[in-house]
Amino acid sequence: MTIIIYLLLISMLFYIGILLWFIAGNIFLKSAPDSLDTPPVSVIIAIRNGEDTLPHLLADLSSQDYSGDMEFIIVDDESEDLTKKIIQEKSSVDKRFKYESSTNGDHALGHKKRALDAGIKRADHEWLLFTDADCCLKSSWVRGMVSHFNQEVDYVVGYSEVERGTRLVTRFQSFDFLMLMIAARGTSNSGKAWASSGQNQAYRKSLFEMVEGYSLIANKLQGDDSLFLQICRKQNSAKVIFADKPECRTIARQEKTWGAFIKQRMRWAGDANIMWEFNVSFFLFMLTTFLLPLLLLVTFFAGIIHDPYYFTVFVKFLTLHFILEYILYFVGTRQLEKPIQFIDFCLWFIIHIPYIVLMGIGSFFANQLIWRER
């Protein structure tokens, strides 16, 4: 069992280093002045079988208070319901809205990436803004994101959140997503952006064309956000910033059951197994993020079954883990002007350990999941 303790120590040391980097990235932010330009923007959203959520999305887009030119390209991803009809009806009365079909995207691409490719090809403007069909948008969303656009910036990682709700699953989901956003903010502010979310991001059309779009990730299940971000950074040294102002935040869909939540995160975790191709440091961090809770669980059960000494080791490492995660959480919430939810943190921390192990194993089955009836 000694080897387990050595592996636990190595994993903890590496994890501590990364957490300190996240913390520093959240504290030492060099804020750039808001851009006063109002460049034309193309908002691109892919949607499949979204007749229930589409009316809310169209209403949110219609209410945008941005003074510059906007076009809203809504891409129907082979829907089998009334999605196409709803988009076309909206485009007939408001010329800012444009219907597009995913069949016009690159056929080497799969599903959502093909739909986004079709929308990007249709876009008339340099700056492309993205969100998901089931997100809620403030009327200031476009304006807030555009305030980060300037001549030096190529890619904007936007902040997104999940409402807390009252169920344990939504409270965990909300908190876990907040921690992911805090980590993404820290890496972006340090100049080494690791992650983005398709729920809220923007980049230049010229950047998309320069890296040949999604061609390098054509056969991947996901990839339109974090993997594509890595491609942009690696191939083009893209300048990436994080947008966290309240006016440009989006609210993502809640998963109301543990089953739906686990399936969503398994799809996301599928990127982890191939991240080594695009960012070795990020891959090693995700590997450590899996190994650390796994080793903690091993020492916990070894302490109960084999020798109480291992339980003492478990408690010491768990306490250190708790303190550092809380420091990151505290720093991040202060920067984002969010309230401290200590009970939610404790619930998240306890559930997070077996959850991460489950996600690490589940990531190998991500390609077998059904998504949007496909």
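Predicted model: local features only at pLDDT ≥ 70, side-chain atom pairs only at ≥ 80, totals over all residues.
Seven strands build an open sheet of mixed pairing, and their order across it is 3-2-1-4-8-6-9. Strand 3 (97-101) and strand 9 (240-243) form the edges, each pairing on one side only. From one strand to the next, the twist averages 25°. Within this sheet, strand 6 (residues 155-158) and strand 8 (residues 201-204) run antiparallel and are joined by three bridges. Here valine 157 stands opposite glutamine 201 of strand 8.

Helix 6 (residues 168-189), for its part, lies across strand 6 and strand 9, and runs at about 140° to strand 9.

Helix 3 also has a helical partner. Its axis and that of helix 2 (residues 54-62) come within 11 Å and cross at roughly 25°. Angles under 35 degrees count as roughly parallel, and helix 2 and helix 3 are therefore roughly parallel to each other. Their crossing is right-handed. On the helix 2 side, the contact is made by Leu54, Leu58 and Ser62, which meet Thr83, Ile86, Ile87 and Lys90 of helix 3. Sorted by class, this contact has four nonpolar, two polar and one charged residues.

Two single residues round out the picture, and they make a friendly pair to look at in turn. Histidine 321 belongs to helix 11 (residues 308-336). Its relative accessibility is 8%, so histidine 321 counts as buried, the cut-off being under 20%. Beyond its neighbours within four places in sequence, histidine 321 is in contact with Met12, Tyr15, Leu292, Leu296 and Phe349.

Lysine 121, in contrast, counts as exposed because its relative accessibility is 51%, where exposed means over 50%. This lysine is found in helix 4 (residues 111-122). Not counting residues up to four places away in sequence, lysine 121 touches Asn104, Gly105, Asp106 and Lys205.

Methods:
Residues numbered from 1 in each chain as written. Heavy atoms only, no water. Pairing = 2+ DSSP bridges. Helix = DSSP H or I, 4+ residues; strand = E, 2+ residues; numbered from the N terminus. Axes fitted to C-alpha atoms, helices over the stretch in contact; angles between N-to-C directions. Contact = heavy atoms within 4.5 Å. Buried < 20%, exposed > 50% of the residue type's maximum accessible area, 1.4 Å probe, protein only. Parallel < 35°, antiparallel > 145°, perpendicular 65-115°, else oblique. Left-handed = near helix turned anticlockwise from the far one by under 90°. Nonpolar A, V, L, I, M, F, W, Y, C, P; charged D, E, K, R; others polar.
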